[in-house]
Every structure is written in structure tokens, then in C-alpha cells.
Amino acid sequence: MMMNRLKAALGAVTVGLLAGTSLAHAQGTDEDLIKQGEYVARLGDCVACHTALNGQKFAGGLSIKTPIGTIYSTNITPDPTYGIGTYTLQDFDAAVRHGVKKDGSTLYPAMPYPSFARMTQADIKALYAYFMHGVAPVAQKNHDADITWPLSMRWPLAIWRSVFAPTPKDFTPAPGTDADIARGEYLVTGAGHCGACHTPRGLGMQEKALDASGGADFLAGGDVIDNWIAPSLRNDPVVGIGRWSEDDLYQFLKSGRTDHTAVFGGMADVVGWSTQYFTDADLHAMAKYLKALPPVPPVRGDYTYDASTAQTLDSGSVAGNPGAKVYVEQCSACHRNDGGGVARMFPPLAGNPVVVTDNPTSVAHIIVAGGVLPPTNWAPSAVAMPAYKRFLSDQQIADVVNFIRSAWGNKAPANVTAADIQKLRLDNAPLPTAGWADATSQTATWGLFMPQPYGSGWTFAPQTHVGVDAAQ
């Protein structure tokens, strides 16, 4: 009898120990999954879009301008009333990869579900675990879209989705693809959704290409986003990254600055809130993939530095050139007479792809409104560019923009006018460029209902946190 009781007791202890071990293992697995999901959320930069200026993380409310009006990012915390607390994994997957809300309505494609459609189910499962168990619920009501009827009707979005959004399918690289390049392709075209800004959009606001199979349009440069141009990420030596090395791309994504460029505008949020947290392996994979993309035919040949501009500025012979005069007085201290800037602080202007792109809005906007080079974990100093709209006239700004775009071998059109700068300064209107593809707010329409209220072409413009909020 005693022996039987002893055996029973030992058996119970053994079962308890095994159960405890299993429970601990299950908890460890869940924690690992949540941690993986947190990283996937960084890959997708969910926090930057789903956090309002001065707002709580993931509680939504960020203003996003579109050609048909303003929409606001939604609350994606696990709050059961205003967030996604009642979403099942299937509901979550439907929203992220299919673009369909729990109530069956279609999301606006400012949510980049055409890119997320290629995310793996494993990453979606981890992302769901993070948002359900790793994010604090916030009881914040969602902001209604500011879009007038009939454009506010949701049902046409289902048609858009059926025409332009791919059927969700786990990303699989082409046979024989290098493993690093395959990982880079997944990050760039999927979770990272780089094409949402850097690929031009068509008449239906769709990205003209979602990957390299779409040809030269893929990552060829986007339209104006909050008065910043998303430049080409193709290997064009003048307006793209043709003269960048893989290490340049790695350093840029990690710190926001290299010896020949510095981050600004919406990309500052991407670096500050997303890519600086990527693993080195993932950053190198993205860089390797971008450099492996098939080259596109150079539009302007190659860039050749012209030293005559520096010689003229060094001599002080600028009396007959009002733009050069402004440059010497206001710009040369940081960007230098040779246009070379200061490495990892003040970007060079000579041969800078953003300076020589067809649309001059970026260079004009940073002179008018200023900008902030955000601090990161790898480059903790914040560097600011002053807003010269308080110091220079519209004509002076136009003159110096035209000078910069045509100096040191830059061969961009130098046709910005004082009237263009005035519209940029007073109305926040981007500078015009000729042609249908670069329509202005006066010519671009969505159907026949209303003029496009911002930007050129068809794109989405989320507010930028840099200068307002610290990275989350």
C-alpha cells in the first residue's frame, strides 16, 4: 500500500515537472514569436504611419493626403473597441495582405497591401502575435476620412483591388537566385514596400510595377510626396544609385547619411523609425538586391564634375550671377564652393541625384522650409538646415535653386521662377514640370470631380515625424 502511494506521488511529480517544462517551452515559443513580429513590424515601418504626430504608438490618426482628399491611419492596437482587438489571425491576414477590413470593405491603397501580398504567412502570424500581445491597447477613436461624396464611397475600391492588387502568395525567389539577393528582394518588394514611394503610379493610382519583372518603371522614382521627390533606386549614374556602392546603401539605410548624401523628408522617417533597427544581414541583403537590379538606360549619360564653378566662386566673381551670389553668402559655408558638402553632415550638391532630377521641388522645398537630418543610434547628432523663406526673397530662392541645378556639372533645367517659389511658400504647392505625367494642381484631376490638391502625378503623402517626434 505504501509502495503504491509512493509510486503515485512520484508519478504525479513527474507529470507536473513535464507539464511545467512544456508550459515554459510554450511560453518561450510565444515570446519568440512576439519578438519576431516586433521585428517584422519594423520591416514594414508600421509605427511611422500608424502613429499621429505627437500621438501614441500604433493608435492611428496620421494625416495622409491623397489625390481625392485626406485619409487618416487607423488604430492598430489591440483595443477591442477602436483597434483590432477582436481580429482573428484570418481577419488580420485579410487586412494586411488582401486589403480587406473585418467588415468586408476595402482599405485605401495608402495601406500598401499590394506589396504586403507577398509577405509570408509565417511573418503575418508573427506580426499578429506582436500586435495582439506585444502592443499596449489604446482606446482612441479612428478619424473619419476627409473625402467628399461620391469619391468617399468605398465600393469602387473593391474594383481597384481586383484590378491592381495581386493575389496574396508567399514570396518565393526565382530558382538559382542568390540567397542574399532573394532576402533583399523580399524586403524591398514586400514588407519594406519601397515601391510605394519610389515607383511612379499610373492613372488609377496603382504602382506601375511591383517588382523588377515590371520593367524600367520599377523603383524608377516616384512623384512629389509632401514636397519631396522620391528619387530613382535604379542604377542610373545621374538620377539614380549608379554611383553608389553596396556599402553606401548599407550605411545610408543604417544611419541616414553617407559621404555623398543625407536623408530628408519622408525617408527620414523610414530610416529613423524603421531601417536603423534592421539587422546588418538584412541591410546588406537589400543593398545587394538593389545593386543587382537590371540597369535602366541612362537618360543623361554619366555625371562629370566641372571644376569651373568652384573656381568662379573662389575668385569672388559672382556680381553678374545672382544665384551664385546667394550661394556664396548663404550656402557655401556648409556645402562649400566645390559643392562637395561635409561628409555625413551636409550633403554634396555636385552630382546629387535629388538636385538634378527633372522636378526641382525637393531642392526648392528644403531651401524654403528647411529640414532636419534625424539622429539615429549609429549617427546620434541631429543636423538642421534653416528655413530660408525668412531670410531670402522668392526671387533669390529661385536664383539659387537654378544656380545649384546647373553648377559643378549638374545639367538639370534651371527654369524655376519667383512665382513658383511663392506658390511653394504660401500654398505648399510643388513646383511644376511639363507634361501629363507631371501634372500640376491646376491640371491634374481625379475623374472630372476635383483638382488634385497637392503634388504631381498620383501618390500618397503621409505626414513626416522628423522634427516633431523622436523615433519610436
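**Confidence, burial and ring pairs in a predicted model**

Reader: How many residues of the chain reach 70 or more, and what is the mean pLDDT?

Author: The mean pLDDT of the chain is 86, and 88% of its residues reach 70 or more.

Reader: Why is Cys331 called buried?

Author: The relative accessibility of Cys331 is 11%, and buried means under 20%; Cys331 therefore counts as buried. The residue belongs to helix 13, which spans residues 322–335. Beyond four places in sequence, Cys331 touches Val326, Arg336 and Val400.

Reader: What does the UniProt record list as "binding site", and how do you know whether His335 is buried or exposed?

Author: The unreviewed UniProt entry lists Cys331, Cys334 and His335 under that feature. His335 is also found in helix 13. With a relative accessible area of 12% against a limit of 20%, His335 is buried. Its contacts, apart from neighbours within four places, are Tyr327, Gly340, Gly341, Phe346, Pro347 and Leu349.

Reader: What makes helix 9 largely enclosed by the rest of the structure?

Author: Helix 9 covers residues 246–255, and eight of its 10 residues are buried, so the helix is largely enclosed. The buried residues are Asp248, Leu249, Tyr250, Gln251, Phe252, Leu253, Lys254 and Ser255. They pack against strand 5 (257–258), strand 6 (261–262), helix 10 (266–273) and helix 11 (280–292). Just after helix 9, Gly256 takes a positive phi of about 85°.

Reader: Why does Gln276 count as buried, and which residues does it touch?

Author: Gln276 lies in the loop between helix 10 and helix 11. Its relative accessibility is 3%, which is under 20%, so Gln276 counts as buried. It touches Leu253, Lys254, Val271, Thr376, Asn377, Trp378 and Ala471, leaving out residues up to four places away in sequence. Among these, Lys254 and Trp378 also form a pair of their own: Lys254 lies over the face of Trp378.

Reader: How do you know that the charge of Lys254 sits over the ring of Trp378?

Author: The distance from Lys254 to the ring centre of Trp378 is 3.8 Å, and the distance limit for such an arrangement is 6 Å. The charged end of Arg42 sits over the ring of Tyr277, also at 3.8 Å from its centre.

Reader: Why is the aromatic pair of Phe171 and Tyr186 called tilted?

Author: A search of the whole structure finds 15 aromatic pairs. In the pair of Phe171 and Tyr186, the ring centres are 5.7 Å apart and the planes stand at 35°. Planes under 30 degrees apart count as stacked and those over 60 as edge-to-face; at 35° the pair is therefore tilted. Phe171 lies in the loop between helix 6 (155–164) and helix 7 (179–191), and Tyr186 lies in helix 7, so the pair ties together parts 15 residues apart in sequence. Both Phe171 and Tyr186 are buried.

Reader: What makes the ring pair of Phe403 and Trp408 edge-to-face or stacked?

Author: The ring centres of Phe403 and Trp408 are 5.8 Å apart and their planes meet at 70°. Since the limit is 60 degrees, this pair is edge-to-face. Phe403 and Trp408 are both buried. Elsewhere, ring pairs link Phe58, Phe92, Tyr128, Tyr130 and Phe131 into a cluster.

Reader: Why does Ala398 count as buried?

Author: Ala398 has 0% relative accessibility, under the 20% limit, and so counts as buried. It is placed in helix 16, residues 394–406. Its contacts beyond four places in sequence are Val416, Thr417, Ala418 and Ile421. The C-alpha atoms of Ala398 and Ala364 are separated by 7.7 Å, although these residues are 34 apart along the chain.

Key:
Residues are numbered from 1 along each chain as its sequence is written. This is a predicted model: local features need pLDDT of at least 70, side-chain atom pairs count only at pLDDT 80 or more; totals for chains, interfaces and linings use all residues. Side-chain values use heavy atoms; hydrogens and water are left out. UniProt positions are given in the numbering used here, feature names are shortened, and annotations may be inferred rather than shown by experiment. Helices (H or I, at least four residues) and strands (E, at least two) are DSSP runs, numbered from the N terminus. Buried means under 20% relative accessible area, exposed over 50%, partly exposed in between (1.4 Å probe, protein chains only). Contact means heavy atoms within 4.5 Å. Rings of Phe, Tyr and Trp (its six-membered ring) pair if their centres lie within 6.5 Å; planes under 30 degrees apart count as stacked, over 60 as edge-to-face and the rest as tilted. A charge sits over a ring if NZ of Lys or CZ of Arg is within 6 Å of the ring centre and within 35 degrees of the ring normal. pLDDT is the predictor's confidence in each residue, from 0 to 100.
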